[in-house]
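Look at the sequence and the model first, then read the points below.

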Amino acid sequence: MASEYEEYEYNGLKVVFYKKNDEYHSSVLWGQTLMKYSNNSKIKDLKAEITNFVKNKKEIENKIYSNHQKFLERSGVKDSKSMNIYRLKNTRKNRVTHCYACGHNLSTYQNYACDRCSWLLCSCGACGCAYNPNFK
Ligand SMILES: [Zn+2]
Ligand SMILES: [Zn+2]
């Protein structure tokens, strides 16, 4: 491998590989949110692991679910444990708006929504349940 830093785009996720201290590291980012981090001395093994992760919808869904839960807890939303996420059917066009909580561009690409407010979820876990125009 000639380059010690590589960056890819996969289904709206940013995948980065880099070498540091004789080991290879990889981060998978969705917007500002770290979805997965791993390291390995063999780049081949690391790439296989990361490829499995980005192709595994269930794992990504679990991560989005836990980000949403953390966000609800932080925001003091009641009964957050009973709340779930669901995948929207792809009937609407890809809309892009800004997330009120983290300011990241919100794309409907991943299409997960909160089952209480039906807002699209941001990678940071934000939904409409804690929306407040002065949020910061
Ligand atoms: Zn956000
Ligand atoms: Zn919500």
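Strands here are DSSP runs of type E with at least two residues, numbered from the N terminus, and two strands pair if DSSP finds at least two bridges between them. The model is a predicted one. In it, strand E1 pairs with strand E2, and E2 also pairs with strand E3.

**Strands E1 and E2**
- E1 covers residues 5-10 and E2 covers residues 13-20; the two run antiparallel and are joined by six bridges.
- Tyr10 has Leu13, in E2, as its bridge partner.
- Together E1 and E2 make a hairpin, with two residues between the strands.
- Asn11 lies in the turn of this hairpin and has a positive phi of about 50°.

**Strands E2 and E3**
- E3 covers residues 23-30 and pairs with E2 in the antiparallel sense, over seven bridges.
- E2 and E3 also form a hairpin with two residues between the strands, and there Asn21 has a positive phi near 50°.

**Val15**
- Val15 belongs to strand E2, and Val28 in E3 stands opposite Val15.
- Is Val15 buried or exposed? Val15 is buried because 21 other C-beta atoms lie within 10 Å, and the cut-off for a buried residue is 20 or more.
- Apart from neighbours within four places in sequence, Val15 is in contact with Tyr8, Tyr10, Ser26, Val28, Ile50 and Val54.
- Lys36 is 21 residues from Val15 along the chain, and the C-alpha atoms of these two residues are separated by 9.4 Å.

Notes
Residues are numbered from 1 along each chain as its sequence is written. Chains are lettered from A and ligands numbered from 1 in the order in which they are written. This is a predicted model: local features need pLDDT of at least 70, side-chain atom pairs count only at pLDDT 80 or more; totals for chains, interfaces and linings use all residues. Helices (H or I, at least four residues) and strands (E, at least two) are DSSP runs, numbered from the N terminus. A residue is buried if 20 or more other C-beta atoms lie within 10 Å of its own, exposed if 12 or fewer, and partly exposed in between; C-beta atoms are placed from the backbone. Two residues are in contact if their C-beta atoms, placed from the backbone, lie within 7 Å.
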